[in-house]
Amino acid sequence: MKNKTAYILFIVILFLSTSCEKEERTTRYNYLPENIRPYIFFTGSFWVYQNDLTLEKETIIITKTEHDQCVSYPSVHGSNSSTNSEYFKMSYETSNPAKNYFEFVVFDAIYRNGGSEYCRGGQPVFTANGYFGYNYEGLMVTGKYSTYLVNGKLFKNVTKVRINAEDPTTNLFQDDTEFYYAPYVGVIKKVIYKSGGGIDSWSLTNFYITH
């Protein structure tokens, strides 16, 4: 009888110790989707824009890039799994005016000065999956063009987006701004609607893309 009781007690203890063991921590991975990759550019790529009214020039160049992973969904509340997301960071210098900024590509979107907590932050300036009328944190998709002509050059599959400077989530743009994006080229045109009145329109005149 004692042996039987001891055996049952052993089985109970074994069951309890096994059930209380922590499960092995797991990490899942999100990779950049194919539809955002045509908007990723490398060090040495540059774009030259001309003001449509004053004819002054602006040059933008990528000075540095970074390709890594960030924790987009950390383990919380006792969860044993987290999610790492692939990202690509592009650092820019501009000539007119002279300033630096960076863009953080993660999931299907581009964030200006993004990449803080949980791989986000910053201001979304483009989304590869946005349908016409898509609206998220001050970014709205306002046009889709099969072709679009800029300075005599025809670009295909152009997406126009507008940044609403008055949106409470927007803090990087002082004025409403439109960007026209073409795959494998980037921004081909930008239009700034000045809060004090007037429009600044800039069109792409020259560019070089490194791979």
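How much space lies in the largest pocket? The volume is about 700 Å³, counted as the space filled by probe spheres set on grid points joined across faces, edges and corners. Here a pocket is an open set of points on a 1 Å grid over the protein atoms alone, where a 1.4 Å probe fits, with protein on both sides within 12 Å along at least five of seven lines; lining residues have an atom within 4 Å of a point. The model is predicted, with local features needing pLDDT of at least 70 and side-chain atom pairs pLDDT 80 or more, while totals for chains, interfaces and linings use all residues. Residues are numbered from 1 along each chain as its sequence is written, and side-chain values use heavy atoms, leaving out hydrogens and water.

Of the 32 lining residues, Lys 99, Arg 112, Phe 173, Phe 179 and Lys 190 are the closest to the pocket centre.

Thr 159 sits in strand 10, residues 153–163 (strands are DSSP runs of E, at least two residues, numbered from the N terminus). Because its relative accessibility is 5%, Thr 159 counts as buried (under 20% relative accessible area, 1.4 Å probe, protein chains only).

Phe 126 and Tyr 181 are among the residues with the most contacts inside the largest nonpolar core, which has 37 residues. Such a core is a set of buried Ala, Val, Leu, Ile, Met, Phe, Trp, Tyr and Cys residues joined through side-chain atoms within 4.5 Å. A second, separate core of seven residues includes Cys 70 and Phe 104.

Methods. Buried < 20%, exposed > 50% of the residue type's maximum accessible area, 1.4 Å probe, protein only. Helix = DSSP H or I, 4+ residues; strand = E, 2+ residues; numbered from the N terminus.
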